[in-house]
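User: I'd like to learn how to read a structure with several chains. Could you take me through it one feature at a time?

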Amino acid sequence: MIPQEEFRKLNRVLIWGKGQTAEETATRLTLLGYEVLKINPDEQFQLLSIEGFAGDFQVTLQQTIPSLEKEGGMEMLERIWTEKFGAVVFAPELVSEGNFSDYQVAPTEKIITLEEMQKVLIPGLDEFHQGNHSFSALPTPASAGGRRIFAALKPASYVAFLVGLTTEGNVLDMAVTLSAALEIRKRFQSQISIFCRQVKVAGEGLERLYQACRDEGVLFFKFDQEGPALLRRGDEVVLQFEDTILKRPFILTPDLLVFDSRHLLSSEVRQTALSAGIGMDKSGFLQSANVHFLPQASEREGIFIAGPGKGPMLSQLSIEEARATALSVHHFFQGLTSETMNQEVSVDKGLCTLCLTCLRFCPHQAVGFTHRVFIHPLACRRCGICASECPMDAIQIEGYSDNEVEEKLMALQERGDKPEFSQPRIVVFGCQRSAGVAWEGAESSKLKAQSNLEFIPLPCAGKLDPDHVLKALSVGADGILVLACPEENCRSVHGNTYARERIMEIRKYMEEAGVNPGRIRFEHLSSNMEWYLKEIIKQFSETLEELSNPQSAIRNPKWKNGPH
Amino acid sequence: MDPIDLKKLDPDFKHRLARELGGEQIKKCFSCGVCSARCPIEKIEPEYNPRRIIRMILLGMEEELLKEEFLWHCSTCYTCQESCPQEVDFTEVIFVLRNMAVRKGLAPAGLGAARNLLDQQGRMYEIGDFENEKRKEMGLPEIKGNAKDYRELLKD
Amino acid sequence: MVVEIRNPKFKSIFILNHNFEHNLKVNSKNSKVLIIGGGIAGITAAVALSRLKIAVTLIEKATALGGMVPNYCCKATDACQQCGVCLLNDSLQALSQASNVEVHLQTEVTDLTLDANKFLYTFSRPGGGGEGRAEALLLATGFTPFRAEDKPQYRYGILPNVITGLDLERQLKETGSVVRPSNHTLPTSIAFIQCVGSRDPHLNHPFCSRVCCAYALRMANLIKYKNPQTEIAVFYMDIQTFGKDFSLFMEKTEKQIRFIRTIPGEIQKGDNDQVWLTFQDDDGLSSRKQAFDLAILSVGIMPGSDLEFFKDKLGLPLNGDGFLSEANEIFSSKGIFLAGTVRGPKGIAGSITQAYRTAEEVAAYLKTRPV
């Protein structure tokens, strides 16, 4: 174990992103006294890797510079260098791609994206989201495209917005659509129809905006499944649809057709996230879909995620994210993000064979090695997955070490076959942060008082050790109950899955030893499900009684004398 | 059914209706259908459906709507108006629609006849000698047709 | 703040200069923050401030911390549905380890004055009371659930098998199953009615409560997971996006739950305590009646009842929706800060983010506060 003080925290933060969130985070962190480097992920800058550990990351960056110096065209100059940072914040913006292919139309003068519309129409949209719902007089756009759009906006013209039809809509696109529609009505008096599945109003002031649009005479056509069919007639596009209220067919040939876009993480950011071991959700946005990472955490200590990279959001929230992130980063530098930080994790040099199983299994990239393996105390979240996986039992976590667990189990044996053990003896291994909380809850007080039940807390279900389970059986447990957090709710990502897999393995051992594998049970339990804890124990006791009944066909006679 | 071209409908209809007394809130409707679900007439005569009537107004289907006989089915119980979350005064809207229909000469024929009776008699029923004799038996004063006063009232 | 452009050709890279000082720590000594409300926002803010070594007094009028969240159930089916209810335990654990936080339960602030950037307050609690002072005030007093009785057409409180989403949360939390209150049997058909009290200018609530779609659909999935035979219909106007991977969530939900885009007109009593809903059927053109074993009213987030008190005592403006106004600068210049649903509807995750943000604002204020 290397003393924690040996690990330094560089007072520098890399902000990998652009836009409101990145800028605000940079500003706040600067005010907090950190040196901040903000890099915009684009073709010019790539973040190749984040090596090292929380407080002392080595970030490899690549800059590609187009140079004009060479004759016969552009030469690209490449520079790759490594810089050190104490923390990294991912705060990218999303890139938008017009949804043309979904609708099978090509962009023309009459077919534009919502982003184009927004640019020429609502330059002050950010302010709008800040709550300033009045638009100042808008200038005539300078760009040719902008002037073309303005030319199409006449009182007699019809504008159709198609939003949230081919992809699930979001509050940001709806906010832009509604404010654009309102602006067009007020300024140009054109007729506006909005085609969507759901009017997304779950944002500050959006219900009022929706109402204001209706007051201005904007029409809304909502669809349950298929949106309007797009038919081409010459250079015009005809929308053909059924009004879901009247159940009658309609057509509309809009003078301007505005499509929503797909909002995606740029490939640069995706690549970086993958190489840095930062999770994404199934939709491809940053941050794993795991509530325990809320608001800004990632799989790795010292790496934070903020802003719209997590999915489209109103700029109000982007700013909120930025300030919250600044505080999270600050907490991290003060060494106060993890309450379990002081629990020692040790690697026995004599036992370790440098097989690096720990390194492969660690969900937090906290394991490093030189001539020996070390667990980085700032990067480690004390889940103990490594300790359970270590084939040599070389890794121990204070409070959950093999010796400490075995002591608890021996105490169980000492209680022995006292007459009060009329009920089956159950050893419960449970994640301390979920099952442990449920076990300590008021509702469970009766359970705690039952002397036939022994709760052995684990820092994470991933710390479940087959040796301990077998030990528990050998000292007289009738059944083993393992409690893990629900799927996709594990603070250490896969701890619950590892636990489940290990139980399958343990069942094999049990069968080989002639012990009925029904004596081990695995359940998902979250911290506030005390009723379920009681229910499981009741059911499991019944199962175990059944197993121990001499009349029962499923009873295995070998068990009586223990598995050995 | 041939599709209706949205461009051939009258987008101004809803705005005009909203300028009439009682029609002010019409554009607030977001088609939740509470009005129709609670309407007692709709249960007997499904043709009369407040949510659909509002939809026709918003889409500008003036011509078709004002001709519809069902506009005259409303019993003016005000249940729709009481339960609308968006504060659309739908019963008032029905009055506005009826007035618009009358102005366009689209009211049902029976209504025209009733109006003519009112115009001529000042009453929906003609009061003749038979009625006055009955009144006399019951100690009530005789009534004489006084269409002039009513005509004055019906002006405009 | 000095901005140094390292490479003038490429403006996307720059360094913000600094003085290598953890500035928030400075000047915040001897400053005390009064947090009113011990829900998820108040607790999170208290922990965040205590980590900055700022002393916090947390006042909660109930007998326990947690606010509304302890009433909610875990909605995990075969996998977590990301409701975030379990996050309360993380926050409580962090609070129990926080230094510099004084927690007062069953305590109510009875008077509050702002005098020269200092808050003087008196409080009462069983067996006494007292007074205190604070340099900053953080209001995290939460919300009031919509009173379902105020929508009399749904007969809440009259028909036994009409319950609110909050009642359902409690049932699921305490017993793990949902039963019909009339006879404690499992319902075979359930109707969820969305927007009860929300998006309703008629009741002076012209806003979306932002959490009801999330809780209703998650609970509907949970019921379906426990009892796959249960038929569930959701009456709605617009389903709002929530959580990560929402489109995948909806794809799954749409397969097992019937969605009907309309708001039922009323609920009537049927045989066997069934509830009859009258609604405009989306498939047909007229309204119909359908019997359900249980109706669940998705009640929304309404302004907290104590907002009037703060409005009176501190002259704080309420916004058009009845929550404390978003016009934040007016507040923060006086040392008044807001977090959580006191500012408007939001869920657990939103409240946590906002609590962090507000804690950062409080710390920044204490640093520059006029003395």
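User: Let's start with strands. Which residue is the bridge partner of A:L61 in β5(A)?

Analyst: A word on the ground rules first. This is a predicted model, where local features need pLDDT of at least 70, side-chain atom pairs count only at pLDDT 80 or more, and totals for chains, interfaces and linings use all residues. Residues are numbered from 1 along each chain as its sequence is written, chains are lettered from A and ligands numbered from 1 in the order in which they are written, and side-chain values use heavy atoms, with hydrogens and water left out.

Now the general idea: helices (H or I, at least four residues) and strands (E, at least two) are DSSP runs, numbered from the N terminus. Two strands pair if DSSP finds at least two bridges between them. In this case, A:L61 has A:W81 as its bridge partner in β5(A). Eleven bridges join β4 (residues 56-67) of chain A to β5(A), and the two run antiparallel.

User: What is the strand order of the open sheet they belong to?

Analyst: The order is β3-β4-β5 in chain A, with antiparallel pairing. β3 (45-53) and β5 (75-85) of chain A are the edge strands, each pairing on one side only. From one strand to the next, the twist averages 15°; axes here are lines fitted to C-alpha atoms, for helices over the stretch in contact, and angles run from 0 to 180 degrees between N-to-C directions.

User: Which strands make up the four-strand open sheet?

Analyst: The order is β12(A)-β13(A)-β14(A)-β1(B), and the pairing is mixed. β12 (229-233) of chain A and β1 (4-5) of chain B are at the edges with a single partner strand each, so one side of each has no neighbour in the sheet. Strand β14 (residues 248-252) of chain A is joined to β1(B) by two bridges, and these strands run parallel. To find that spot, look for A:I251 opposite B:D5.

User: Hairpins next. How many residues lie between β6(C) and β7(C)?

Analyst: Two, and C:A116 in that hairpin takes a positive phi near 45°. β6 (residues 108-115) and β7 (residues 118-125) of chain C pair in the antiparallel sense over seven bridges, and C:L114 has C:F119 as its bridge partner in β7(C).

Then follow the chain into the next hairpin. β7(C) and β8(C) also have two residues between them, with C:G127 in the turn at a positive phi of about 80°. Seven bridges join β7(C) to β8 (residues 128-134) of chain C, again antiparallel, with C:Y121 opposite C:G132.

User: On to interfaces. How many residues of chain C are in contact with chain A?

Analyst: Contact means heavy atoms within 4.5 Å. By that rule, 84 residues of chain C touch 86 residues of chain A. Buried area is the accessible area (1.4 Å probe) that two parts lose on being put together, summed over both. For chain C and chain A that comes to about 7,000 Å², with carbon and sulfur atoms giving 53%.

User: How many salt bridges are there between chain C and chain A?

Analyst: A salt bridge is a side-chain nitrogen of Lys or Arg within 4 Å of a carboxyl oxygen of Asp or Glu. The count here is eleven, including the one where A:R491 meets C:D90 (2.6 Å, N to O). On the side of chain C that touches chain A, the largest share comes from α8(C), with eleven residues.

User: And where does B:R38 form a salt bridge with chain C?

Analyst: Its partner is C:E266, with the closest N and O atoms 3.8 Å apart. The contact takes 20 residues from chain B and 19 residues from chain C, and about 1,500 Å² is buried between them, 49% of it on carbon and sulfur atoms.
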